[in-house]
Amino acid sequence: MADILDAARSDAELVAWCRKGDPQAWNELVERFARYVSAIATQAFRLSAHDAEDVFQDVFTRAYERLGSLRSDDAIRPWIGQLTRNCCLDLLRSSGRVVLVAEPEEQAADDVIALLDEALTVREGLAHLGPECREILDRFFCRDESYRTIGAELEIPAGTIASRISRCLGQLRSELEGRNTAVPPSSKQVTR
Amino acid sequence: MTTYNEERLGELLRMLPPAPIGWVTAAQELPLARVQLDALVQRAEADVAYRDSVVADLELALRAVGVEPKPAVVEHLRKRLAP
């Protein structure tokens, strides 16, 4: 479970190391934003798995090529979000299946992206919890694992999973409410 | 300050399931693929016959140098070899 939960380096630090050609930093950057990019493609634009994979690779190809043009290293998150949005729209427009993406549909997609931004902020909050809480919440909510599977994998009684989830959610709520989580939606923050 | 209840937190966490591992791995290998791609383009620029064979079948040429011919990569190569 790498990605944003191993946020030893800030987004800006990660981008700076990527610019220096550090392959490990690039791996971390991909891990950190992989869920966000794939969720925008599959949930906001409802792309098939095949199309979503194309968008996913396209986004990271463009990100790799254009990282040097990012004006502020802190802006990687909204930049990736906007890049993904643009790649999805490009695919829909170029595929011939949709000549033009209608405005209401684009608005609906932007609404979902705003929710995904909030989801990513919540996910960032997980990084500040203990390893057991991170693992349990990720397995239960993100990986859709059963109490039995989680109990077996983490070697804890399955009967205690529900109470642990509740306790961990309480910690997560405290963490999130204890800091400013106002991150503007990607779709509204950066233009192409 | 944003406030959350447990149900809302659960809903938001569910929105970000893991991306398929194959997608992630392929994206992580982009820098290596870029090196191989650069070498391919350099050779194509120096060797007309090789360039023609690459242009005739971009996917085959990419596979031959060990690069997965994802659409984004094929398109990138097409642009780089455009006259």
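Predicted model: local features only at pLDDT ≥ 70, side-chain atom pairs only at ≥ 80, totals over all residues.
**Chain A and its contact with chain B**

Let me begin with the interface: 37 residues of chain A are in contact with 27 residues of chain B, where contact means that the C-beta atoms of two residues, placed from the backbone, lie within 7 Å. Residues are numbered from 1 along each chain as its sequence is written, and chains are lettered from A and ligands numbered from 1 in the order in which they are written.

Back to the side of chain A that touches chain B: at least two residues each come from α2 (23-44), α3 (49-66), α5 (103-126), α6 (131-142) and α8 (161-177), and α2(A) gives the most, with 11 residues. By class, this side has 20 nonpolar, 7 polar and 10 charged residues, where Ala, Val, Leu, Ile, Met, Phe, Trp, Tyr, Cys and Pro count as nonpolar, Asp, Glu, Lys and Arg as charged, and the others, Gly among them, as polar.

Turning to chain A as a whole, you will find 9 helices and 0 strands, these being DSSP runs numbered from the N terminus (helices: H or I, at least four residues; strands: E, at least two). Among contacts in chain A with a separation of 6 or more, 72% join residues 24 or more positions apart.

Finally, confidence: pLDDT, the predictor's confidence in each residue from 0 to 100, averages 86 in chain A, with 85% of the residues scoring at least 70. Over residues 180-192 of chain A, however, the pLDDT is below 50, although this stretch has 28 contacts in the model beyond near neighbours in sequence.
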